[in-house]
Amino acid sequence: MKYIGIIPARYASTRFPAKPLAILGGKTVIERVYRRVEGQMDEVVVATDDERIEQAVRSFGGKVVMTSTAHRSGTDRCYEAYTKIGSNYDVVVNIQGDEPFIHPSQLQAVKACFEDPQTDIATLVKPFTEADGWEAVLNPNSPKVVVSNRMEALYFSRSVIPFIRGAEQGSEWLSRHTFYKHIGLYAYRSRVLAEITRLPQSSLELAESLEQLRWLQNGYRIKVGITDIETIGIDTPEDLARAEAFLAL
């Protein structure tokens, strides 16, 4: 199978404008993401809506495609980029442009999901541990996932799922069940990517503000790979400072 990695990268960001061009350890964030992905895919392309990002990617020798400023999600931006590239790939892997520490094993775990011919979409989860603490599980900005015995996503939620009846919420819940944190790395069969970008927003998606619920609600199979690696996403200038400290270790 042939895999293409597409990295959506917007210039405008409410919490951190120009985030892809922020400098991390002497390189831009977008270059660090690109370097982590190349070699893991048959092709890697940045999909952006801003000429400054386009120029930055070209300056380090990366491939880049200009896309519309009107996209509401990285999925939509990936699809436009894929149609412009015009190449015949089996799977499109959507790598967030603010994940400079994404690990090759995570990319391989997502790719391995497509060994199952019934997989439409793939993503990653990471088990919460007692060391993470209960507050990490409660955090609504860290979506949780419940999975089937076939390692397919049953539901994503900002709430803690499932509810453990007859146990005190907190460390006792963590000792009785493995809760999964969603890692926002997606991959789609190319035909499925074309289909899901035409779907209207669903009621569950609107309720939780999680676009993957639109896909589940419309019957698509989301295969789940597991990782034990914690990454540091860059959402704010404070995150960038944490990433600099991590890089220095």
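This is a predicted model: local features need pLDDT of at least 70, side-chain atom pairs count only at pLDDT 80 or more; totals for chains, interfaces and linings use all residues.
Local features were taken at pLDDT of at least 70 and side-chain atom pairs only at pLDDT 80 or more, whereas totals for chains, interfaces and linings use all residues. Residues are numbered from 1 along each chain as its sequence is written, and side-chain values use heavy atoms, with hydrogens and water left out.

Strand β1 (residues 3-9) is mostly covered, with seven of its seven residues buried (under 20% relative accessible area, 1.4 Å probe, protein chains only). Strands are DSSP runs of E of at least two residues, and helices are runs of H or I of at least four, numbered from the N terminus. In a regular strand the side chains alternate between the two faces of the sheet. Tyr3, Gly5, Ile7 and Ala9 point one way from β1, and Ile4, Ile6 and Pro8 point the other way.

Strand β1 runs parallel to β4 (residues 43-48), to which six bridges join it; pairing requires at least two DSSP bridges between two strands. Four bridges link β1 to β6 (residues 91-94), also in the parallel sense. Gly5 stands opposite Val44 in β4 and opposite Val93 in β6.

Val145 stands opposite Phe156 in β9, and four bridges join the antiparallel strands β8 (residues 144-147) and β9 (residues 153-157).

Definitions and conventions. Buried means under 20% relative accessible area, exposed over 50%, partly exposed in between (1.4 Å probe, protein chains only).
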